[in-house]
Amino acid sequence: MKRVSVAQMKALEGQADASGLSYDQMMANAGLALAQAVHRRYFRRPTCSVLGLVGSGNNGGDCLIALRYLAEWGWQTQAYLLKERVGDEALLTDYRKAGGQVLGVNEDHDFEKLRQHALQADLIMDGVLGTGIRLPLKGDIQHALAVLKEIKDLPPVVAVDCPSGVDCDSGKAAKECLRADLTVCMAAIKAGLLKQPALGLAGEIYAVGIGLGDNLPAWAEADVDVMDARMAVENLPERPADSHKGTYGTCLIAAGSVNYCGAALLAARAAYRMGTGLVRVGVPGSIYDTLAGQLPEATWLILPHTSGVINSEAAKVVWKNLERVNALLIGPGWGLENETKEFLEDLLNLQKGKGNASPLGFVPEEHELKNASRKLPALVIDADGLKLLAQIENWQDKIQTAVLTPHPGEMAVMSGLSIAKIQADREAIAREYAQRWGHVLVLKGAMTIVANPAGEVAIIPMATSALATAGTGDVLAGMITGLIAQGLEPYTAAKTAAWLHARAGIKAARQLGSEASVMAGDVIAQLPQVLNEISS
Ligand SMILES: NC(=O)C1=CN([C@@H]2O[C@H](COP(=O)(O)OP(=O)(O)OC[C@H]3O[C@@H](n4cnc5c(N)ncnc54)[C@H](OP(=O)(O)O)[C@@H]3O)[C@@H](O)[C@H]2O)[C@@H](O)CC1
Ligand SMILES: [K+]
């Protein structure tokens, strides 16, 4: 879904209205889509109860319509009106007809009934304030939210369009604002949700369509995609029952050194967990014995090395083994030795018709490469591979479109910019350098940015310290490579993998009970659950 400012959203709604989709119909669509998202995710047999917090504006309207559907679909529903709704009795009448209960703040001056309903409900739907908010909060709304905020065991909260109390442009939030488990955004992701503190209050961000046409002029201003579960699942390859391992591609991972053994394993496991048909792992011979028994599903390639780091002789070995390889990951766990830099140079220089044709280091016999393609397969370059790449003159032109996965420190080495400058404007810098270098860039960190040479940018709307630990980068690189091997176009693979990876990190922390305790292997262990959740 696209990211929009409040003004852009209003322009979209205005243009949709002018083209024949009335405001009432937009709200009806929003309410239905919201109810569907809630029902799919939270309904448990035999019945579930939901408390809807309903404000006086259209955000409350969305909530009331969703409550009506939920009442029709077997939920016990309670609407709590935080402010009188003027002029739309029909919404309340329809809701009551469906069996819904209504309670108003005028019947509950000390908010005790609100407290009781909140304690008994399985779910709270927060439709008090949306894009029409003007901070600070005031009156009954402020008091009611404060009462709810104090409850320790509040049930999960689904925010309608945004958590009530968040400014949808600035990301500022009132202290009474309830932390949501899920925020269901209408038509587009409101820009403020991608800024702190709003991001930390929004939980998972999920967008639903409300029937706006794709051709409304105001969409032209919305030039950033925000990844969500629906987009991730749509991008994933289908898995027909009559498939075989060849259906899901082969990737080769050339990784590891004596000091960083585990990187190759983490990347390979992650590629397999993403569904790759065959994962080949190329490691320096000195660490092969340590690793091979730990991943019987992989096939192995022993790479020539000097004192445990991959050396230039390995380029020939990799080139001879590229048959049927759809994606090649290089860099994880390499170290920064000169021998490995020579390997990288030779690997790139051996391509036919790319850059300087005379390879450094050695010239393989033509017959030795007879079965090999003379173009490298789709490349993913990570970690030390990026730092070594930056030392090669005109590296940008020596590779076909690759996926580069720097964290801010690696990005600083590659671009010559300071980390502070990169972090101050992550989005613009990712966009600029993806275009300048002609490669897909995954700028990692809180809210990873993925950009492609065509100027497209996608944001992963998640930030968690759970992923701030060694090896999680190897996991992401393996996931991206595994998806490319299965036929995804590199930009799509990168943004899909980055979303799944962040989601798995958050899930791992939840399951372990601590973000601090998450290790890279825990993130891999959550991938099956994440895939299962989003596809059901
Ligand atoms: N346009 C459409 O048809 C569509 C819109 N959609 C939905 O509508 C939402 C936007 O709706 P909206 O513009 O009606 O504003 P909304 O956020 O409900 O709040 C307005 C009310 O809040 C009150 N209020 C404000 N600040 C306050 C404060 N600090 N403290 C206390 N109260 C405060 C203000 O009262 P006032 O201060 O003016 O008396 C007013 O009554 C949007 O997020 C989306 O969910 C989608 O379904 C698509 C179709
Ligand atoms: K809301």
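This report walks through a predicted model, from its domains to its ligand shell and backbone details.

## Two domains

The chain is assigned two domains. Domain 1 covers residues 3–222, and domain 2 covers residues 235–535. Their centres, taken over C-alpha atoms, are 40 Å apart.

How many residues of each domain are in contact with the other? Four residues of domain 1 touch four residues of domain 2. On the domain 1 side, three of these residues are nonpolar and one is charged. None on that side is polar.

## Around ligand 1

Ligand 1 has 28 residues around it. Gly57, Asn58, Asn59, Gly130 and Gly132 come nearest.

What classes of residue make up the shell? There are 13 nonpolar residues, ten polar ones and five charged ones.

## Annotated binding site

An unreviewed UniProt entry gives the feature "binding site" at Asn59, Asp126 and Ser164. These residues span 106 positions in sequence, yet no two of their C-alpha atoms are more than 9.3 Å apart, so they gather at one spot.

Asp126 lies in strand E5, which runs over residues 123–127.

## A pair of packed helices

Two packed helices are described by the angle between their axes and the distance between the axes. Helix H17 (residues 472–485) packs with helix H19 (residues 520–535) at an angle of about 35 degrees. Their axes are 8 Å apart. The crossing of H17 and H19 is right-handed.

Which residues make the contact? From H17 come Thr472, Asp474 and Val475. From H19 come Ala520, Val523 and Ile524. By class, this contact has four nonpolar residues, one polar and one charged.

## Backbone exceptions

Most peptide bonds are trans, and most residues other than glycine have a negative phi. Some places in this chain deserve a look against that background.

Where do the cis bonds described here lie? One runs from Leu135 to Pro136, with omega near 0 degrees. Pro136 sits in the loop between E5 and H6. Another cis bond joins Gln196 and Pro197, with omega about 5 degrees. Pro197 is in the loop between strand E8 (189–190) and helix H7 (198–202).

What is the phi of Asp161? Its value is positive, about 70 degrees, although Asp161 is not a glycine. Asp161 lies in the loop between strand E6 (157–160) and strand E7 (182–186).

Notes. Residues numbered from 1 in each chain as written. Chains lettered and ligands numbered in written order. Predicted model: local features only at pLDDT ≥ 70, side-chain atom pairs only at ≥ 80, totals over all residues. Near = placed C-beta within 6 Å. Nonpolar A, V, L, I, M, F, W, Y, C, P; charged D, E, K, R; others polar. Axes fitted to C-alpha atoms, helices over the stretch in contact; angles between N-to-C directions. Helix = DSSP H or I, 4+ residues; strand = E, 2+ residues; numbered from the N terminus. Left-handed = near helix turned anticlockwise from the far one by under 90°. Contact = placed C-beta atoms within 7 Å. Domains from an automatic or database assignment. UniProt positions renumbered as here; feature names shortened; annotations may be inferred.
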